[in-house]
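Subject: The two-chain model, and what was found in it

Hello,

Please find the structure below, followed by some notes on what was found in it.

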Amino acid sequence: MLKKISVLFFCAISVFAAESLVSNFTFAVAPGPSTGTLWVLSRGDAGSGVTLVTLALGESQVNVISMKSDFFDQKKTAVHDGVFSDVTGETRRTPFLYTEKLGFVVPMLGLDSVESFRQPEGFYSVKTSRILETPLDEPIVELDSAYSSPMAKSIGAFAYDTSTSVLWFSRGILGIESYDVSGSISDPKISNFVLDAKDGSLDTLNRNKKINASENPPIFGLSLHPETSMLWLATEKGLYHQTANRSFEKVEALKDSRVTGVWIGGTPIQIIAETSAREESVTKSKLWRSWNGSDFKEVVFRDTLGKIQKDVYDKADYSVSNVAFIRNKAFLAVQTIEGSISGLVKLDSIGAIPWNHTRQWLYDVEAGVLNKNTILTSVAAIPLTDDIMGLAVSSYGSGISVSADSGQTWSHILNQTAVKDNLGTIRMIPSVIVAGGESMVAYKVGQKSKIIIEVFSYDMRRVRTIVKDVVREENAVRSSKATEDFWDGLDDHGRPCAMGVYYVRVKDNHGHVGWGKVMTLGGNRK
Amino acid sequence: MKKIALLCSLLVAFGYADKKAMLGSFDGFVERMGASAHELGRGNTGSADTSAQPGAYWNPALLSFRTQLTYNLHAEQRSLDRTGGSIGVEGRVGKRMGVGFAMLYRGDHAFDVVNDDDETLGEASPYFSIMYLGFAYRLSRRDGLGISFSMSYDNLDISEYYDDISLVDGYQSPVSFNLGWVRQWNEKWSTSVVIRNLSFSKNLSAVWTRNPSTDNSVISTEGVRPKVLQIGVGYRNTLFGKPISAWMEALDYQIADTLLAFDPDRHVWTGRVGFEYEVIPNGSVSLGMNDLNFSFGLGYQFNIRIGKKRWPFDVSYALLYESEANLWNPLSFGVRGWIP
């Protein structure tokens, strides 16, 4: 992420409500407290927080009715610093859940000993728009040094049992934790358990217990079966599911696998599991599924001709951020390390649904899921009306996208500073880049226009033509096409421009001309 | 006149040469944009004019022709909030030597700092400057040689908006040097040769590495200032009894970190041409073209008597049209004077 100059410009006011997202850098979307609402988790330049977005279905798109935001404390966040760079799947996601009684829940992370946001401190919950902090004590136990890092004890997944009002979450080497609010939210009963791999029992985690990872495997993810309310556990030593006698059994197909996540939902029920392990400095990953109670099998990736392709998931180096289910389809938010490639993978009863694209199984900016080439960070199914189950995705820098037709068309919702009509304002976002970065040219035309965008040096020599005579439509907010209208700090021959201020001219075919400014910190010409 | 026609055709030929190298994306715009409204009005031509100021910038050899202490100031406001200016002081040392100092400045006084989240964090005023210290020696009544040492200092003025990375605003280049020669052949003709941006490093190249952050969170960048060969010619005469002069310069920018590059793709050739005519006593108009930028200038010389001494001044105005960007720049003013 160093190519983008990420900054934390902390706001002096920690709590406020505003008609905007906390940030366009969003990491989770979840259903809100009522139909047509959703929660958005952001971590951006102005800090971290959540936004409750109320939506309405328009004729051709989803419209925003209102937004209410609340910020986390400046020294805490819900998105850990390694969410894009960690090498195995279990920590390359931001867990979240909407629960009836607690509201929207996400992890709470503080600064660790090296001033990195990786220290688990509990979880946040938000029901209306005000955030509640729930600090959790770390059980005092004896751990092998291999599991001493804070992230080895971080929350990996949430699950909520509506019948018992118990929030479950996995905590890695510390097993799982139950947060029972059946009595009162203000007086929860908290219990910690570790899985006994030998007999499949959940043992209470007693003070000073010595945890042996081979006997009590770390639990990376969990999920509740929507029909049986039985827990499924993704562990370092296989995938376990709860049985009628409350003990746990291993899934045979994944008994030797390092399972980093499990997601259950859909009609008929699909159980999706991800395995991810480091083997000789290479991460080996696979995607598994049980369809309608069948045995677990590797997810099938077929190409547009119907031919089955092998090891697609592993070769692409994907990891799953989250899964949403709508009827018989599953929508997986996937990303590679450092997020260079990300998007949605759609599963039907056969497997991944291909489309006519270079990455046949990935639905990304080319499919209109995002409005610019950035990282898709999560997905959720959102009830938009009583009849329509929508789909929403979060993204790193491009707000959220919402679809009312199961991912066929998308509406993009993000904070956008107003620009004047007829090229009256040209806004470069961001206005400071390094070579290889992207500064979007934001502008607005009053009518359908042919556009030329050029970059000039300080002494007004043209160094780059970004687009020439491309058609842009009139738009209420902006006419820019984010996937094309940006400068990357390079000249027409692909060489990084020298450090300095550059001027961006946008011309239309109706005689309007606008100028914007951008600064590049340069790059290496070798 | 045949000579002028030949030089003009050479300049045109240079102008249409293959330009695969792009000058604008390389370091050195402060130097390329010149100094002094007087010279700007006639196309930024000054290297062959023994009266051009600041001499330390135009051609250090010009300093050898100074007879008294002189100073010059230049300020301009170009469109898109671009400010610029220069100052210079120079004088004679002994009978054959001259010394001079010049500083050129360019900046933008209204740069909006917008973050990735589409928030305007504030307004920065980045600026870029280059300083010259020149020395010259008069070889003969007609010839002078000079050397100037230059160093640039830039300030991006953005670090205050970035809290989690240690951005560095200020950059100071290593010292480079420029060599100059000027010859006043007779009352009419003068010529000059200036070689700019040599450095005390391998291949004599002015190449340096800058690290925009102290914590290495931003990739380092290379400053590559092209070597420049600048050849100038001046011609003075009278028209209707009034002085008229023509000035031409051919510039070769070598965009390569080698001692000499013979690949034409590694060179950018450009030219400057200017004319100046004294339409009224002490009042002149000028026209010029610097690459594709056109300029028009006005100048007037006068004296102010303070006590028993007369203080000569020369005020100038320039109008510049940057044709590639279609920008008019009507605000460029300069003054220079001689201390009696």
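Where the two chains meet, 58 residues of chain A are in contact with 57 residues of chain B, contact meaning heavy atoms within 4.5 Å. Please keep in mind that this is a predicted model, in which local features need pLDDT of at least 70 and side-chain atom pairs count only at pLDDT 80 or more, while totals for chains, interfaces and linings use all residues. Residues are numbered from 1 along each chain as its sequence is written, chains are lettered from A and ligands numbered from 1 in the order in which they are written, and side-chain values use heavy atoms, with hydrogens and water left out.

The size of an interface is often given as the accessible area lost when the parts come together. Between chain A and chain B the buried area is about 5000 Å², with 57% of it from carbon and sulfur atoms; buried area is the accessible area (1.4 Å probe) that two parts lose on being put together, summed over both. A:Tyr458, A:Arg461 and A:Met499 supply 16% of the area that chain A buries against chain B, more than any other three residues.

Seven salt bridges are counted between chain A and chain B, a salt bridge being a side-chain nitrogen of Lys or Arg within 4 Å of a carboxyl oxygen of Asp or Glu. One of them joins A:Arg427 to B:Asp118, with the closest N and O atoms 2.6 Å apart. In another salt bridge, the side chains of A:Arg461 and B:Asp291 meet at 2.7 Å, N to O. A:Arg461 sits in the loop between strand E36 (449–456) and E37 of chain A, and B:Asp291 in the loop between strand E16 (283–290) and strand E17 (293–306) of chain B; strands (E, at least two residues) and helices (H or I, at least four) are DSSP runs, numbered from the N terminus. Both A:Arg461 and B:Asp291 are buried, where buried means under 20% relative accessible area, exposed over 50% and partly exposed in between (1.4 Å probe, protein chains only).

Within chain A, A:Asp488 forms a salt bridge with A:Arg464, the closest N and O atoms being 2.7 Å apart. Because A:Asp488 lies in the loop between strand E38 (486–487) and E39 and A:Arg464 lies in strand E37, this pair ties together parts of chain A that are 24 residues apart in sequence.

Chain B has a salt bridge between B:Arg66 and B:Glu90, whose closest N and O atoms are 2.6 Å apart. B:Arg66 is in the loop between H4 and E1, and B:Glu90 is in strand E2 (residues 82–93), 24 residues away. B:Arg66 counts as buried because its relative accessibility is 6%, and B:Glu90 counts as buried at 0%. Elsewhere, salt bridges that share partners join B:Glu76, B:Arg78, B:Arg82, B:Arg106 and B:Glu322 into one network.

Finally, the largest nonpolar core has 45 residues, among which A:Leu521 and B:Ile158 touch the most other members; such a core is a set of buried Ala, Val, Leu, Ile, Met, Phe, Trp, Tyr and Cys residues joined through side-chain atoms within 4.5 Å. E6(B) gives the most to this core, with four residues. Leaving aside neighbours within four places in sequence, B:Ile158 is in contact with residues of both chains, including A:Val432, A:Met519, B:Val113 and B:Leu167.

Best wishes
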